[in-house]
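Visitor: Could you walk me through this model and say what stands behind each term?
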Amino acid sequence: MINRILIEPYLGYHSRLILNRSSVPSSRCPIFRRISKFCKQFFDDNQTAEETTQTGLSLEVVPRKDHSISRRQMSENAIKVLYRLHKSGFKAYLVGGGVRDILLGLQPKDFDVVTNATPEEIKKLFRNCRLVGRRFRLAHIVFGRDVIEVATLRGHHVEHVEHVEQVSKTNAEGRLLRDNVYGTIDEDAERRDFTVNALYYDISDFSIHSYGGGLEDLKSRTIRLIGDPNTRYREDPVRMLRAVRFATKLNMTIDKGAADPIYELAPLLKDIPAARMYEEILKLFFNGQAANNFTMMREFGLFAPLFPLVDSQLVDEPDGFTAKMLQAVMENTDIRVRAEKTVTPAFFYAAILWYPLSQRADDIALESGLSLYDAYNAAMGDVMEQQCRTISIPRRFSTPAKDIWQLQLRFDRNQGTRAFKFIEHPKFRAAYDLLLLRALAEGGSVAKSAAWWKSFVEGGEEQRNVIARSANKGSRNRNSNQRRRRKPASKKTTKPAE
Ligand code: ATP
Ligand code: MG
């Protein structure tokens, strides 16, 4: 059980011995406790550094002189918050991604702070503080657009507590519904998701506290869960998505223990509140790693529970229009994010749901006899509503997404002199971008239409006049084609293979 590991110098850290690499909490095992105590004494006598938490998670404390993190690499506001807490007699640590990313030489996305002050105590210390969250009660210290998130150290779940609001609550699948039990830094570390995130920078002496071999995993580029993977994923299935996100973002490998249970537990994502999923999806697809996250999510079966309509088309026809569209959308989003161009969920959802929408419209037209145009309009509400069951897309994005869909139906009719007015539509640009992606996926008549619009959009005034007039001449032919039924996107794949 006990596993001694020699940690090699890490980014300037001295080698040191730590005990018990196992991250499975084992406080309930008396034999383990006795062996652990014996080993602790043995190594203490031999003056080697080692510590474990009560539940057996290893802890390494690296003093300032032995690591490379300096306050200059942190945001001024995070330092202000850390010092205010520290000077008021509270413990204060920078934690998680802030420490991890600085050690990896990356620019942290945000700086998270933990303290032993309660949310109410934090609120009293900072005028610019607002308390948020029910599941996790947190303090947000607001500096204009910069927000420093301050959490109170989380403890273990207890059965008897004085205050009801301190109780943690789980559902039948073991998912944590509320988690506001406060505790020590050791307990807090045991509640974190991955070892590379269980890194704390202590403002009182500038040391780093690394739990569960976090520093070593950073070095070997391993995403390892803290605790028993099955339990930790059931407590919060979103951790499965986080494993994928960190693996791609940090170019790390998900350790086998953390990877294997995902295949079986992925369907648990269905039960996560749709509002939370909306935020998680943004983090996965708008962080410059959309294509890699999409691929890995599909490999693990994490995509299907969140995007059931899209996934069933991908399964039916692995090289079909939907697959091509998804690949193009993910790659385009990555290119835009990396070039620091704007990306909007309205376009993203309009594009990935376009073929499920086409399929639904075809079905409605067949069943009801409506024109395809009217069937599309009827299908828009259906498809959006179905998608929002798993990921709640705010109306400020679902409404323009529908506009983008609507405009797809009008591209053909608006070739010619009407095009001058049509391109003034506020959603024209997004709709045109979707038309170009459809042209790539489908070719054929859509590619022809896209080519016409491309020359019109990119042409100068004189050229546009010529293009528009020539289209008007041929408009009779085009209009007669316009209402011809499109072949259903994935219908052809639903036939069983011979
Ligand atoms: P980034 O900000 O780059 O996405 P991060 O690691 O800082 O990465 P956050 O979502 O900001 O991620 O969370 C901050 C820290 O809170 C994490 O590092 C982790 O320790 C902890 N944490 C966040 N979400 C969970 C979760 N679902 N389960 C357990 N711990 C979590
Ligand atoms: Mg963070």
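Here are a few questions on the ligand, the sheet and the confidence.

Guide: This is a predicted model, where local features need pLDDT of at least 70, side-chain atom pairs count only at pLDDT 80 or more, and totals for chains, interfaces and linings use all residues. Residues are numbered from 1 along each chain as its sequence is written, while chains are lettered from A and ligands numbered from 1 in the order in which they are written.

Visitor: What makes a residue part of the shell that surrounds ligand 1?
Guide: Its C-beta atom, placed from the backbone, must lie within 6 Å of the ligand. Among those around ligand 1 are Lys-109, Asp-110, Arg-192 and Asp-236.

Visitor: Why does ligand 1 lie between domain 2 and domain 3?
Guide: Domain 2 (64–227) and domain 3 (229–296) both give residues to its shell, so ligand 1 lies between them. The bounds come from an automatic or database domain assignment.

Visitor: How do you know that strand 7 and strand 8 pair?
Guide: Strands are DSSP runs of E, at least two residues, numbered from the N terminus. Pairing takes at least two DSSP bridges. Strand 7 and strand 8 (residues 138–143) have four, in the antiparallel sense, so they pair. Leu-131 stands opposite Ala-139 in strand 8.

Visitor: Why do strand 3 and strand 7 stand at the edges?
Guide: The open sheet has nine strands, in the order 3-4-13-12-5-6-9-8-7. Strand 3 (51–52) and strand 7 (129–132) each have a single partner strand, so one side of each is left without a neighbour in the sheet.

Visitor: What is the pLDDT over residues 1–28?
Guide: pLDDT is the predictor's confidence in each residue, from 0 to 100. Over residues 1–28 it stays under 50. Where pLDDT is low, the predicted coordinates should not be read in detail.

Technical notes: Contact = placed C-beta atoms within 7 Å.
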